[in-house]
Amino acid sequence: MVEAERMRVSVIGTGYLGATTAACLAEMGFEVLGLDVDEAKIDLLRSGRVPFYEPGLDELLVSNLRAGRLRFTTDFAEVAEFADLHLICVGTPQRDESGAADLSYVNSAVEGLAPHLTRPTVVVGRSTVPVGTAATLAARLAALAPVGKEAELGWSPEFLREGFGVEDTLHPDRIVIGTDSSRVEKAVRALWQQQVDAGTPFLVTDMQTAELVKVSANAFLATKISFINAMAEVSEVAGADVIQLAEALSYDDRIGGKFLGPGLGFGGGCLPKDIRAFMARADELGVEPALSFLREVDAINQRRRARTIDIARQLIGGNFAGRTVAVLGAAFKPNSDDIRDSPALDVASTIASLGARVTVYDPQALERARQEHPELNYADSMLGATRDADVVLLLTEWAEFREANPDEMGEVVAQKRIVDGRNALDPTYWRASGWTYRALGRQ
Ligand code: UDX
């Protein structure tokens with residue numbers, strides 16, 4: 001703790017990753033200064049408000065602002081003066097149809113910071129980047145910094161899940177630092193000393209391996225989800241039940257049950273764009289065939305959306321035109337208000353384009369959904385959205401939907417038909433209440 005109190009850390013970029021990292025490091029006892037180029041975001045954070053939904057983060061932000069351990073700025077000179085360790089936490093979105101990562105934010109973080117570095121400094125990237133990026137950035141940092149090679153850069157990917165960001169940051173399952181500099185390694189070790197003392201594995205690798213750890217972890221997770229979704233496709237036509245299949249597989253501890261949940265598939269700001277950026281990078285490196293299976297992983301995932309729409313269409317007699325459709329869920333997963341590449345909104349918007357009146361409800365993501373998808377209708381409650389519906393689609397498995405009462409919902413809908421896109425409901429219970437229940441991968 002004494003060490004932590006002395007260390008001053010800057011966090012560059014205050015989105016999901018950066019804001020969570022900044023608040024958690026302050027909670028761990030460090031002096032933290034967060035930087036973002038977005039003034040509005042910085043004003044919100046300064047006033048103790050988190051610009052997105054992340055359980056537990058508001059409390060950490062407010063208590064650490066009050067304790068004086070956490071501050072925010074838009075000024076690179078201030079950040080450079082304040083800290084000896086800088087963490088780059090900016091986004092790397094998908095660039096365009098090529099699928100490659102857009103590195104403009106990481107580049108401008110380094111270019112914004114470097115000219116102010118006049119004393120020996122450690123810069124550590126946490127963003128997800130294509131393998132090879134860190135080496136280029138390290139050279140750029142040393143070239144632009146007045147202190148030259150004494151400004152050193154390493155790469156330490158994060159693995160936090162949205163919705164569990166605080167927990168995953170305070171209790172990471174591993175720390176990976178890619179560097180060949182003992183100063184960088186020492187700074188990162190000091191940052192996570194409490195976690196390492198508590199048993200968190202600490203791995204020192206070269207920069208390329210560290211970059212690859214992150215993208216390959218996400219590629220593996222995406223593959224696991226698409227694997228079980230491929231089994232769902234087979235199960236549907238073979239007369240099998242993918243839920244029972246997944247359960248039986250899960251007892252083999254070499255396979256395990258996590259990320260084996262069949263349904264509408266993955267979305268969000270990470271898995272879809274990370275597998276595409278990984279393929280694009282493999283292509284550049286001349287090893288495209290090594291990752292061509294990820295194309296299939298992506299295709300299986302996209303087919304889940306089409307299949308969900310097909311099932312709903314069948315349920316209402318073959319045509320969406322003039323029908324009333326309720327969609328439960330807009331966020332890409334529960335406990336988040338993130339709608340980036342949301343499977344739920346993709347399905348909702350396609351059904352609307354086929355002529356249905358679609359009404360969406362989500363416990364947290366309504367405001368964002370409204371801005372991005374003005375073509376959809378929104379309700380401020382689950383029963384409000386399902387009122388007069390010819391079919392209900394459950395597309396994000398919020399606890400509120402899992403615990404829905406089929407009798408109560410049955411009172412307000414026009415027809416008791418439900419598509420369970422996340423295999424989140426008990427079919428026996430819903431059928432007993434008079435509902436026609438359909439799910440992906442089941443009979
Ligand atoms: C992911 C990784 O888990 C995390 O380690 C990394 O740092 C960032 O990317 P996140 O995008 O927050 O995190 O979401 P995650 O919980 O991994 O879920 C991703 C998507 O997969 C969601 O759309 C979810 O609904 C879907 N999913 C997950 C399934 O369809 N089935 C499953 O069994 C698990």
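Guide: Here are a few labels, each set against its definition. This is a predicted model, where local features need pLDDT of at least 70, side-chain atom pairs count only at pLDDT 80 or more, and totals for chains, interfaces and linings use all residues. Residues are numbered from 1 along each chain as its sequence is written, and side-chain values use heavy atoms, with hydrogens and water left out.

Visitor: Why is H11 called oblique to H14?

Guide: The axes of H11 (residues 207-238) and H14 (residues 292-315) cross at roughly 45° and come within 9 Å. Angles under 35 degrees count as roughly parallel, over 145 as roughly antiparallel, 65 to 115 as roughly perpendicular and the rest as oblique, so H11 is oblique to H14.

Visitor: Which residues of H11 and H14 make the contact?

Guide: With contact meaning heavy atoms within 4.5 Å, they include Ala219 and Glu233 of H11 and Leu294 and Arg307 of H14.

Visitor: What makes Cys89 buried?

Guide: Buried means under 20% relative accessible area (exposed is over 50%, partly exposed in between; 1.4 Å probe, protein chains only). Cys89 has 5%, so Cys89 is buried. Cys89 is found in the loop between E4 and H6 (104-113). Leaving aside neighbours within four places in sequence, the contacts of Cys89 include Val11, Leu17 and Arg126.

Visitor: What makes strand E5 mostly covered?

Guide: In E5 (residues 121-125), 5 of its 5 residues are buried. Thr121, Val123 and Gly125 lie on one side, and Val122 and Val124 on the other.

Visitor: How do you know that E4 and E5 pair?

Guide: Pairing takes at least two bridges found by DSSP, and 4 bridges join E4 (residues 85-88) to E5, which run parallel. Leu85 stands opposite Val122 in E5.

Note on methods: Axes fitted to C-alpha atoms, helices over the stretch in contact; angles between N-to-C directions. Helix = DSSP H or I, 4+ residues; strand = E, 2+ residues; numbered from the N terminus.
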